[in-house]
2 protein chains.
Amino acid sequence: MSTPQAAPRTIVIGGVAAGMSAATRLRRLDEDREIVVLERGEHVSFANCGLPYHVGGVIEDREALLLQTPASLGARFRLDVRTGHDVVAIDRDARTVTARLRSGEEVELGYDSLVIATGASPIRPALPGAERAHVLRDVADVDRIVAAVAAGPRTAAIVGAGFIGVELAENLALRGLDVTVVELADQVLPPLDVEMAALVRARLEENGVTVRTGAAATSVTETTLVLDDGSSVPADLLVMAVGVSPESRLARAAGLETGERGAVVVDEQQRTSDPAIFAVGDVAVKRDAIGGGDAFVPLAQTANRHGRLVADAITGRPVRSQPVLGTAIVGVFGLTAASTGWSERRARAAGRDVRVIHTHPSDHAGYYPGARPMALKLVVDAATDEILGAQGVGEAGVDKRIDIVATAIRGGLHASDLADLELAYAPQFGSAKDPVNMLGMIAENLASGLTRSVQWHELDAALAAGATLVDVRTPAEHERESIPGAVNIPLDELRERHGEIGEGPVVVHCAVGQRGHSAARLLAQLGHDDVRNLDGGVRTWSTATR
Amino acid sequence: MSTPQAAPRTIVIGGVAAGMSAATRLRRLDEDREIVVLERGEHVSFANCGLPYHVGGVIEDREALLLQTPASLGARFRLDVRTGHDVVAIDRDARTVTARLRSGEEVELGYDSLVIATGASPIRPALPGAERAHVLRDVADVDRIVAAVAAGPRTAAIVGAGFIGVELAENLALRGLDVTVVELADQVLPPLDVEMAALVRARLEENGVTVRTGAAATSVTETTLVLDDGSSVPADLLVMAVGVSPESRLARAAGLETGERGAVVVDEQQRTSDPAIFAVGDVAVKRDAIGGGDAFVPLAQTANRHGRLVADAITGRPVRSQPVLGTAIVGVFGLTAASTGWSERRARAAGRDVRVIHTHPSDHAGYYPGARPMALKLVVDAATDEILGAQGVGEAGVDKRIDIVATAIRGGLHASDLADLELAYAPQFGSAKDPVNMLGMIAENLASGLTRSVQWHELDAALAAGATLVDVRTPAEHERESIPGAVNIPLDELRERHGEIGEGPVVVHCAVGQRGHSAARLLAQLGHDDVRNLDGGVRTWSTATR
């Protein structure tokens, strides 16, 4: 029963990222309010994003994952945190919630405002025999996987090659298991474009992980996972990591409006269709920063941010949640892959006229020891020069470049503006023309019509239409690896030898695109009126077509 | 004599960063133009910023510093690059320059457009005996220093603790020399504020470098440097690194307008007061991005950028150079120090009402191995929430955070907007609330009046005015190091014990400011009407007052 309250009471359902950010901020804003956090599980405020690394032993100490306890939160923030409280119903008219305790007993609590922060739960494909499959969402899950690993399996199969799947692949391999990753899509890490994801796939394979893309799991035996082509992969241990869906059952049952993938619809103050009920974190619909539509983006950064923001909204502070880019990152055997905004695939699917730039810069000046290459990609709206997204894969400096582009997007900078960003340069940290500056310079060259490019997936059509392909690298480079049909005229000889090319359209290429740009400019000025540079050079082409 | 030209001729004076960027871009834009680069020294397009690291052997191979040669630039870009050509006069009426060759012979060359990219030269203080002092500007200088080190000196003194001085200190120490750095200012790295620079000073000293600040050199003996307090420091090897001044003698002699520190005045197309003459790089005046006034900012990034831009301007492309933030970075014995925009000192000197934020975050999530602390500072215009500048010092992740803030400034984001940046988060790369997000959250708390802070240099005045200082850390932390006069009431006991504080203003503090914020909010809500949180906590205070 709801009893009359001296102070308003806010109930938060879910005590991890979004929920606990909301509760602690709410206390800092309002000392008098009664704040109750109801958490179904045993733990609150744990380090979700660290869970895969405890599986691998990278984070050795399980306690390191447990950032707060109900007691510590009670002492510091006077929060009434109740674990083992599974909220089973919301009565919007009475403004009460009913929670079921582990004993089976049910308690009813009244609220003045309610925050639903129930998160998202792993999708469990309904395969015959899949009951033995693990998922990874919380501390109890990780405990089960750690126990299963301790039992000495030799092989592991992971269904799903998204961020969690790839992290688990690395961590199970670190435990000595023979790991296979099975992915329905034609690539790993579907938020990335295929030619970028190919670098991650290669890194997984170099480290002994078997990758099966374009493959669907159909059933599970005691020791294997059976695929749709009839083959089976060894799976002493089996983990499902095919994605998550918003845990909005409770909200739906209460008649709250839901939208994108079943997530709870909220306004810019995270308020649901019931003005006394808010939703934050993975359970709530986000607005997409690029397209403006609804989005489902289950990421910790946004959960924390919106959790904090809902406390402001509840106490009447003027706040507006920002649309999300979905900036994400993953480490895989020393390689980093990150993205922000839209992929090329997504932008094309949305009907945008897309300008794409691939570069292969080093993380810092080549003349300073230890420079490591990365692949960097920028997706631009060709009509407006608006930055739609960026992706990076490499061993160092990728996180920095993606964060810079994410910040530029938020600041409303256009692709060409990246040329002018004034980034910190000393030779161990970057280049006088930083990789992000280079993206901007290329964007400006394309936007102004100074140069034109052709993408790796457009090359065949260009050649079929009669274009001559000229490799402007050195003969030694040409000999090592070349694109079928390319004639080799090194850039430094092109002024003298361009007559060899003849009439008609020309595609030039080099290793990464830089010499190709000089060659394209030269040929255009020497009278070749249809010259394009292969974007990203042989390096992008060969990764993409491997 | 100038002879009639079939194609227009552009002469570039100076063949390093700005000049060579201009020349190569100009060729890509205009294949027909005659492009002549006149370089006084022996080398073009060398890696300035790498020079200190060749002294220390970090960059072992001297050839790695030589990025291009006249021959390679001729072959690729059809540039007429002439080293050993010291331009001694510009005849603006005749549109000619006169260059003196090493033989003493003089040649005169006509131009249609002229680019002055003569850079900046090290200031040589006129001390008695200082003729034996080295400076570090070009490859010849580094050769001389390397030869001097090979002769086996035991000690080195460096006059000037700016970026070059500090880099040289590390590199000479790496060569086994006993190094002293002498700086006129009260701190190392004058672009940083004193409490941030103190961390760099400590790192230098921990690595055996002697640092003498507030000290002026008065004369030089054969083995020592004599200071104004009568002491002398050992100086078998002596290097002057007290800054640079624009090498604008030639421009001034030609009657071109000069301004800030003698740099050549240019418009947004880098055009000087003579429309046929452009100036770029360190020799040219910049516009300050924060204050809008003229600035002298001798940095490679801007030199390269403006060099490229001047080629566009010369060929009539619509370009405008951007004002500069002066983003800079240095590595010192594993520590990184970086800054962008204005320091607190500079902002206060300019009369701005300044809001300052110090934080001490980790580069990545504390629960993932290897997290390292940094000090991060944001300088904000209190009236407008405009970001004026940022500084960071730490072992990892500093470059990324400063680049993000530099990008945010360029994008016109306000300090509070940093809270909403969506940065790539996985535990090895950052935190769900990234250090930059934290700066934004604190900025918003201050801007909205939710909380108030006091700076380390304001604490004494606050206490003298009767404020009670409350340390809300644990007793163990309080015992280890505390601020004189502080009473210890741990945050988790503050609700019950706040009555001990009594009437009047209160300053709370913790280790870094986070618990202090919760404490300040709590006390304010419990009826204490003048509560401030010591910004940056004990950590900033103790670094600053050490």
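## A histidine in a loop

His364(B) sits in the loop that links β22 (354-359) and β23 (374-381) of chain B; helices (H or I, at least four residues) and strands (E, at least two) are DSSP runs, numbered from the N terminus. This is a predicted model, in which local features need pLDDT of at least 70 and side-chain atom pairs count only at pLDDT 80 or more, while totals for chains, interfaces and linings use all residues. Residues are numbered from 1 along each chain as its sequence is written, chains are lettered from A and ligands numbered from 1 in the order in which they are written, and side-chain values use heavy atoms, with hydrogens and water left out.

Is His364(B) buried or exposed? His364(B) counts as buried because its relative accessibility is 7%; buried means under 20% relative accessible area, exposed over 50%, and partly exposed in between (1.4 Å probe, protein chains only). Its side chain reaches the backbone oxygen of Tyr368(B) at 3.3 Å, and a polar atom of that side chain lies 3.4 Å from the backbone oxygen of Gln428(B). Not counting residues up to four places away in sequence, His364(B) touches several residues, including Pro369(B), Pro427(B), Phe429(B) and Ser431(B). Contact here means heavy atoms within 4.5 Å.

## Where the two chains meet

Let's turn to the interface. Here 80 residues of chain B are in contact with 80 residues of chain A. The size of an interface is often given as the accessible area lost when the parts come together. Between chain B and chain A the buried area is about 7300 Å², with carbon and sulfur atoms giving 53% of it; this is the accessible area (1.4 Å probe) that two parts lose on being put together, summed over both. In chain B, the residues that lose the most area to chain A are Gln301(B), Tyr367(B) and Glu422(B), together 12% of what that side buries.

How many salt bridges does the rule find across this interface? There are 16 between chain B and chain A, a salt bridge being a side-chain nitrogen of Lys or Arg within 4 Å of a carboxyl oxygen of Asp or Glu. Glu422(B) takes part in a salt bridge with Arg410(A), at 3.8 Å from N to O.

Arg515(B) belongs to helix α15 of chain B. With 18% relative accessibility, Arg515(B) counts as buried. Leaving aside neighbours within four places in sequence, the contacts of Arg515(B) include Arg76(A) from the other chain, along with Val472(B), Glu477(B) and Leu491(B).

## A strand residue in chain A

Ile158(A) is part of strand β9 (residues 155-159) of chain A. Its relative accessible area is 0%, so Ile158(A) is buried. Among the residues that Ile158(A) contacts, leaving aside neighbours within four places in sequence, are Leu168(A), Leu172(A), Val181(A) and Val239(A). Ile158(A) and Asp471(A) are 313 residues apart along the chain, and their C-alpha atoms are separated by 41 Å.

Definitions and conventions: Polar contact = N/O pair within 3.5 Å; in protein donor to acceptor, adjacent residues only side chain to side chain.
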